[in-house]
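Me: I would like to learn how to read this structure, one feature at a time. Could you walk me through it?

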Amino acid sequence: MPPARPAPPPPTAPPATGDLTGADGGAIGAHGVETGPPPMPSSTPQSAPPLADWLRLPRPDALPGVWRCGYQPRPPEDPDRIPARQLVSGALVSFLMGWLLWSLLWNGYLGSYWKWPLLALTPDSWRESGGNQMLYVWSTWIYSGLVLLGLIFFFGRIGRWDELLRRVGALLRGDGSRSQAGVTPDHVTEPVPTAPPHLDPVEWPELRSGGAGEAAERLAAELRAGRMTDVDHARIDRAWQTVRARPQRLPAFVDGVVSEGAGACRHPSGARDLPVRAARHDLSVRQVRIGRAADTERNPHEYRGAGVALDPTLLGTSALAVGPPGTGKTTKLARPVVESLCLQALAGQAAVIAVSPAGSHFVHDESFDLVVRLGHPDSTHGLDPYGGTTDPDEAAGMLAEALVGDLAAALPGGDSRRAATALAQLIGPFAAVHRRFPAVPELRELLDGAPGALDALREALRAEGQSAQLRELDAFERQSGRAGDVAALLADRIALLDRPAFADFFLPEGSPRAEGRRPFSLRALEHPLRVRVDLPERGHAEASRILARLVLAQFTECAVARADQSLFTCLVLDDAAQTVTPQALRGLQRLRSAHAGVLLTLRALDDVPEPLRGPLLGAVGCRMVCAGVTPWDAERFAEVWGTEWVQTRTVTNRQLVSDEPVTRMLHAVRRLATGKHVTAESVTVRSEQRERWSASDLANELQPEHAVLSFTTVRGERTPPILTKLGE
């Protein structure tokens, strides 16, 4: 995320010429645009605000899940690279050997034969009395220096001194860590080298080349003055992409930007940032950092030491995190993801629904446009149990999934289709008469088979001539009381929502609204909304599970049914125990093509029915297992991650037996000296398949605050499991 930035200026009044557009492409203004963009500045200023330096940081293409801000690719792995300890010991031994040899030569212990070339190349008169001995002394020193250099070169090659010096120099310069892992500076402390003006993001070159030069000048001035945040930059860039798709909006866009500067194209809430950030974000590439890959041989070479991040291309395949309480699933995964999606919503790029138990508050209320506190008397909104749909069959399917989806294995047919049919036989006739779906108390009366309620509905259908709907009601009555009837089970489950604490919280659209409380529908996902739903888990645990399944069922239906799928929409379900059903898994698999995803957290896979644990791990593209999982949960992840080919090296020793008298005598002497038999080593290298992470490794070797995770992109790219330190 960019370094500290000034508070955004107070909102200014919109221009009198027209309305300002958001990222969804509304009207902005009506003024014309300049005929040609102003010239690009000849040079960039020497000093720049922190946001400018942050924008200029390199963001090269990287493997999925790598934090790209300031990332430097790791050099390719050298299979012949010598370990540092072996390199130092070899250099030291070769130095001592060279020093010993030179000392012996210099002190004459090895004779004077090494001076024969000098004696052959110099005149004898230089060594006689009265001769030019000064020249002989100089030639001796030069020759000795050449011999010494030869020894240094020879033993330096043997001891690989050049490689050792290169590594020491890189370590002293601090290049070792940067060359081996992605560099991700927390704060920009030094000016970043500026790009040419036509490539400098501070100067908004895309706007200039697209005919919005006046707007680019205003935005560049706002950025250099420090009045722009990273959210403003991402929001205006998103609005510009919309203008490029619809060129007729260019004049209005320019007029709005010139009038309001960095505050243009504002989110409907008027917010330009979150009150608090607990994670590091990069809105230019829509990433949020969740940790750092461990620099260990267990990780792929390219990921060692690099930052690990999530973005919509990964969340679009849905994600699952499993770990006991206190391992960081909420604070180091769910909260950063929700923060990132809230920031992207302010930039007009995403919509987010966060579901969590009441009281957890893993993200502040001020970060959301709407907080639905089910069962709380101060909540201003309730939840539409039918998801805002007008189709009785679709509404019945979502509600049946919420009520009895966890009991699908015990229901006729093995799923909730029979229950959905029974609900549709009541909801359809009721909607035909009342032009709305029944509220929870009304639906409970119909499911209970109360004579007054069914008779009144039948009479109303006859009065309006709804013969088709009358047949639906008769079919429901014929099934009531028979073996395998699900109406009684539906009535028992709907009674959990028909409690005094939930009065007026589950009103469908079209119902008389309770005073001060309006129903929220997930059909609003076509807009960049930030919504949090608090579940009353403490006092109404079973009702909370029903509501969690209801939100998940409505999300999978509404996200796929969106007319405009340009916004990425995501559901973050903190503690998804007893919410995974066969229908939910089918819905998860459809989200990838609808530009949507779901993040689920579980304390253990035991919270999922046994037949669905394998399909759940197969349905999600991103998987994460935290420290402290049970061995049987670890076994599931180890099975999903599969095996890989590795080379194993086997060394065997066999005793040498000789019939030669001399050899036997030597072997006996060696055995007497060492106490061991004389052996010969045999090395065997072979390739075999091994688990990438075994169940024992996942259950017993993961350290606190660590997790093993893997990613899949919406295009199908996969990563091997990566050992990650969360929160770094």
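Reply: Helices (H or I, at least four residues) and strands (E, at least two) are DSSP runs, numbered from the N terminus. This is a predicted model, where local features need pLDDT of at least 70 and side-chain atom pairs count only at pLDDT 80 or more, while totals for chains, interfaces and linings use all residues. Residues are numbered from 1 along each chain as its sequence is written, and side-chain values use heavy atoms, with hydrogens and water left out.

Me: What is a cavity, and how is one found?

Reply: The general idea is that rolling a probe the size of a water molecule over the atoms shows where empty space is left. On a 1 Å grid over the protein atoms alone, a cavity is a set of points where a 1.4 Å probe fits but cannot get out, and lining residues have an atom within 4 Å of a point. Grid points are joined across faces, edges and corners, and the volume is the space filled by probe spheres set on the points. For the second largest cavity that volume is about 60 Å³.

Me: How do the residues of that lining divide into nonpolar, polar and charged?

Reply: Five are nonpolar, two polar and four charged. Here Ala, Val, Leu, Ile, Met, Phe, Trp, Tyr, Cys and Pro count as nonpolar, Asp, Glu, Lys and Arg as charged, and the others, Gly among them, as polar.

Me: How many cavities of 30 Å³ or more does a search of the whole structure find?

Reply: The search finds four. The largest cavity holds about 90 Å³ of space. Its lining has 13 residues, and A319, L333, C622, M624 and F711 lie nearest the centre. Strands β4 (319–322), β12 (622–626) and β15 (706–710) are the elements that give two or more residues to this lining. By residue class, the lining of the largest cavity has 11 nonpolar residues, one polar and one charged.

Me: Next, salt bridges. How do I read those?

Reply: Side chains of opposite charge can pair when their charged atoms come close. The rule asks for a side-chain nitrogen of Lys or Arg within 4 Å of a carboxyl oxygen of Asp or Glu, and the count comes to 47 salt bridges. In one of them, E222 pairs with R227, with the closest N and O atoms 2.8 Å apart.

Me: Is E222 buried or exposed?

Reply: E222 is buried, at a relative accessible area of 6%, whereas R227 is partly exposed at 40%. Buried means under 20% relative accessible area, exposed over 50%, and partly exposed in between (1.4 Å probe, protein chains only). Another salt bridge joins R613 and D606 at 3.5 Å, N to O; R613 is buried at 14%, and D606 is partly exposed at 44%. E717 and R715 form one as well, with the closest N and O atoms 2.7 Å apart. There, E717 is partly exposed at 34% and R715 is exposed at 70%.

Me: Which residues are linked in a network of salt bridges?

Reply: One such network links E203, R208, E217 and R224.

Me: And how should I look at pairs of rings?

Reply: A pair of aromatic rings is described by the distance of the centres and the angle of the planes. Rings of Phe, Tyr and Trp (its six-membered ring) pair if their centres lie within 6.5 Å; planes under 30 degrees apart count as stacked, over 60 as edge-to-face and the rest as tilted. By this rule there are 12 aromatic pairs. One of them is F95 with W99, a tilted pair at 6.0 Å centre to centre and 35° between the planes. These two residues are four apart in helix α2 (residues 84–106), so about one helical turn separates them. F95 is partly exposed at 42% relative accessibility, and W99 is exposed at 55%.

Me: What kind of aromatic pair do W114 and Y143 form?

Reply: W114 and Y143 are stacked, with 6.2 Å centre to centre and 20° between the planes. W114 lies in the loop between α2 and α3 (116–121) and Y143 in helix α4 (residues 133–159), so the pair ties together parts that are 29 residues apart in sequence. Both W114 and Y143 are buried. Ring pairs also link W102, W106, W114, W141 and Y143 into a cluster.

Methods: On a 1 Å grid over the protein atoms alone, a cavity is a set of points where a 1.4 Å probe fits but cannot get out, and a pocket is an open set with protein on both sides within 12 Å along at least five of seven lines; lining residues have an atom within 4 Å of a point.
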